[in-house]
Amino acid sequence: MIIRSKAPLRLGLAGGGTDVSPYCDLYGGCVLNATIDLYAYCTIEVVDDGTLTFVAADLNENFHSNALPELVLDGCLSLHKGVYNRIIRQFMPNQPLSFRMTTYSDAPAGSGLGSSSTMVVAMLKAFVEWLNLPLGEYEIAQLAYEIERVDVGWGGGRQDQYAATFGGFNFIEFYENNRVIVNPLRVKNWIISELESSMIVYYTGASRESSRIIDEQIRNTIDQNQAALKATHMVKAEAFAIKECILKGDITKFAEHLGKSWMAKKKMAASITNNRIDFIYETAIQAGALAGKVSGAGGGGFMMFIVDPVKRIQVTHRLNELGGKVYQVHFTKNGTLGWRI
């Protein structure tokens, strides 16, 4: 038997960072994001020889052992092992599974598109399809969050797991006690087309470790750093404004608020931006972009810019001269999918 799954990566449009504890526990957070046609993929091939194999094809990492009831998280493919451990512990008590799992992603790790969390969702969806697990969308997203953030111990927020599971344009609210509310947005097709025509998604050529940036944000909240807290409150307020702009199709106003949100986000933690990101941003603005931001925690990875569609080509050419790469992406409406062969 062969089981396959995929989960879409996401662009963080507004509110990023307000989904991180303890900020969202104390003040409530909200994020606006949208999934795009870049994916994390997983294939499970069931075998009967009592072995267990993980292959991360894009990372060139492999793991092979006898099928055990629990795997040690030793830094080698910890997400894969973390998913396996939780599935065995929660749904197959001490009954090892024998299979070969192959995974890969359309975007590099540290891209700012939620690639690690999306991979966890894809792997979970494959197990849900294989074992007929009684998990709905909220359950899959919460389980993915617990595996990555608690079991494996990787720092980060909550938005990525829910975006990958639900798909589409979502305005997601985050509260204390892990309470999350996903509000799917009914964005008209012409607005989606206009957004796609007005948006440039650019890979800076440098991945980054988001956990370091997240840790700084957490410290600023715990220490009641007033400048950082004020900036985070502003990022949350702009998320509401940007949601309204997108629902109404006002791309010019969207760009205005996006610029304000980026100025505020840079004050949430010192490592969110750097000289290269600032240079790329200013270059894009000088070439005709209206506004932009880093997608994800910051520090590198992907950036997105809003442009007048008639200036799209000239901004694209200028960005490509900086050593990165402009990706052609489209918004998607579906979340994670699983199927059997």
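Which residues in α2 meet residues in α3? Leu-79, His-80, Val-83 and Ile-87 in α2 are in contact (heavy atoms within 4.5 Å) with Ser-116, Val-120, Met-123, Leu-124, Phe-127 and Leu-131 in α3.

## Basis of the report

This is a predicted model, in which local features need pLDDT of at least 70 and side-chain atom pairs count only at pLDDT 80 or more, while totals for chains, interfaces and linings use all residues. Residues are numbered from 1 along each chain as its sequence is written, and side-chain values use heavy atoms, with hydrogens and water left out.

Helices (H or I, at least four residues) and strands (E, at least two) are DSSP runs, numbered from the N terminus.

## Helices α2 and α3

Helix α2 covers residues 78-91 and helix α3 covers residues 115-131; they pack at an angle of about 35 degrees, with axes 10 Å apart. Axes are lines fitted to C-alpha atoms, for helices over the stretch in contact, and angles run from 0 to 180 degrees between N-to-C directions. By class, the contact of α2 with α3 has 8 nonpolar, 2 polar and no charged residues. Here Ala, Val, Leu, Ile, Met, Phe, Trp, Tyr, Cys and Pro count as nonpolar, Asp, Glu, Lys and Arg as charged, and the others, Gly among them, as polar.

Of the 17 residues of α3, 14 are buried (under 20% relative accessible area, with a 1.4 Å probe and protein chains only), so α3 is largely enclosed by the rest of the structure. After α3 comes Asn-132, whose phi is positive, near 55 degrees.

## Gln-142 in helix α4

Gln-142 belongs to helix α4, residues 137-151. The residue is buried, because its relative accessible area is 16%. Leaving aside neighbours within four places in sequence, Gln-142 is in contact with Tyr-162 and Asn-178.

Strands β3 (residues 51-56) and β4 (residues 61-66) pair (at least two DSSP bridges between them) in the antiparallel sense over 6 bridges. Thr-53 has His-64 in β4 as its bridge partner. The two strands form a hairpin with 4 residues between them, and Asn-60 in the turn has a positive phi of about 60 degrees.

## The four-stranded sheet

An open sheet of 4 strands has the order β9-β10-β8-β11, with antiparallel pairing. Its edge strands, β9 (289-294) and β11 (325-327), each pair on one side only. The twist averages 30 degrees from one strand to the next.

Within this sheet, β8 (residues 199-203) and β10 (residues 302-307) pair over 5 bridges, and Met-199 has Ile-306 in β10 as its bridge partner. Helix α10 (residues 275-287) packs on the sheet and touches β8, β9 and β10.

How values were computed: Buried < 20%, exposed > 50% of the residue type's maximum accessible area, 1.4 Å probe, protein only.
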